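Thanks for coming. I have one chain to go through today, so please look at it while I talk.

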Amino acid sequence: CMLLVVIVFRIYLPFKSIYVPDDELNYKPKPGFEGIYKSPEGEVKFWTNREGFVNQNPSKAKNAGTTRILVVGDSFVEGLYTDKEHHFTTLLQQKLNSSGEKYEVISYVTSSWGTDNEYKYLLTQGMQYSPDIVIMTYYQNDLENVAVSRLFRVDGEGVMPTDVGGTALGNKVKKLVTKCSFYSSFCSYFQIHAGGFKFLHP
C-alpha cells in the first residue's frame, strides 16, 4: 500500500528535494545544488554552494574594515522566486554601501525553518562566519514550526538544546522520515508541506 502511495506521488506530485537531512537542524539546503524555480511570473535559476548558501559563496573570514550582516530565515528570505539582484539582502547591501562604509550581507535560509532551527544554526555553524550583526526574520507560522521540530526544551535551567524530541520511538520515526524525504516525493511532501511530525509529540 505504501509503495502504491509513493508511486502515485512520483507521478502526480514530482518533488526533487533541494534539502538534505541533518542531525542537528533536521534538514538544510543541499550543497552543490542547481535548480530552476517555476512560477506564473516566470523561471528563476538558483544554486547552492558547498555549505548550502543560496546564490552566495561567502568565505568564513570577512574582509578587514567590513561590517558583515548575517540574515537567517525561512522561504520568505530564501526567495527562490526572486533573481539575486532583486533579493532584499542584495538591495540592503547596496543601500548600506551607498553611505560610503563597507557592508556585506549574507543569508542562510531554509524553507519552513522556525526560529529554533535558525538559532541552532547560529550556535553550530553561523557564528563561524563572524557576523557583526545577526538578523533573525520571523513569520507567524514560526511558532508552529518550533512546536513541530522540538530542537529545544524548556526546563528549570531555561531554554536548552535537546537531542531527544519526544519519545524514543517518535525520534526514530522522525529521523527515518527525514532521511526518506531525500529519496521519496511522498516523504518530502509529508515532512515539509504537511507538518507530518506533529503526531510524534503529544
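First, the ground rules. This is a predicted model, in which local features need pLDDT of at least 70 and side-chain atom pairs count only at pLDDT 80 or more, while totals for chains, interfaces and linings use all residues. Numbering starts from 1 along each chain as its sequence is written, and side-chain values use heavy atoms, with hydrogens and water left out.

The chain has seven helices and nine strands; these are DSSP runs, H or I of at least four residues for helices and E of at least two for strands, numbered from the N terminus. Of the 202 residues, 42% are buried, meaning under 20% relative accessible area, with exposed being over 50% and partly exposed in between (1.4 Å probe, protein chains only). Contact here means heavy atoms within 4.5 Å. Among contacts between residues at least 6 apart in sequence, 63% join residues at least 24 apart.

Now the core. A nonpolar core is a set of buried Ala, Val, Leu, Ile, Met, Phe, Trp, Tyr and Cys residues joined through side-chain atoms within 4.5 Å. The largest one has 23 residues, and those with the most contacts inside it include Phe53, Leu70 and Tyr108. Two or more residues each come from β5 (67-73), β6 (103-109) and α4 (115-124), and β6 gives the largest share, five residues. Beyond its neighbours within four places in sequence, Leu70 is in contact with, among others, Ile106, Tyr108, Tyr121 and Ile135.

Tyr119 sits in helix α4 and is partly exposed at 39%.

How many salt bridges are there? The count is three, taking a side-chain nitrogen of Lys or Arg within 4 Å of a carboxyl oxygen of Asp or Glu. Asp132 and Lys62 pair at 2.6 Å, N to O. Asp132 is in the loop between α4 and β7, and Lys62 in the loop between β4 (42-47) and β5, 70 residues apart. Arg68 and Glu104 pair at 2.9 Å, N to O. Arg68 lies in β5 and Glu104 in β6, so this pair ties together parts 36 residues apart in sequence. Arg68 is buried at 1%, whereas Glu104 is partly exposed at 21%.
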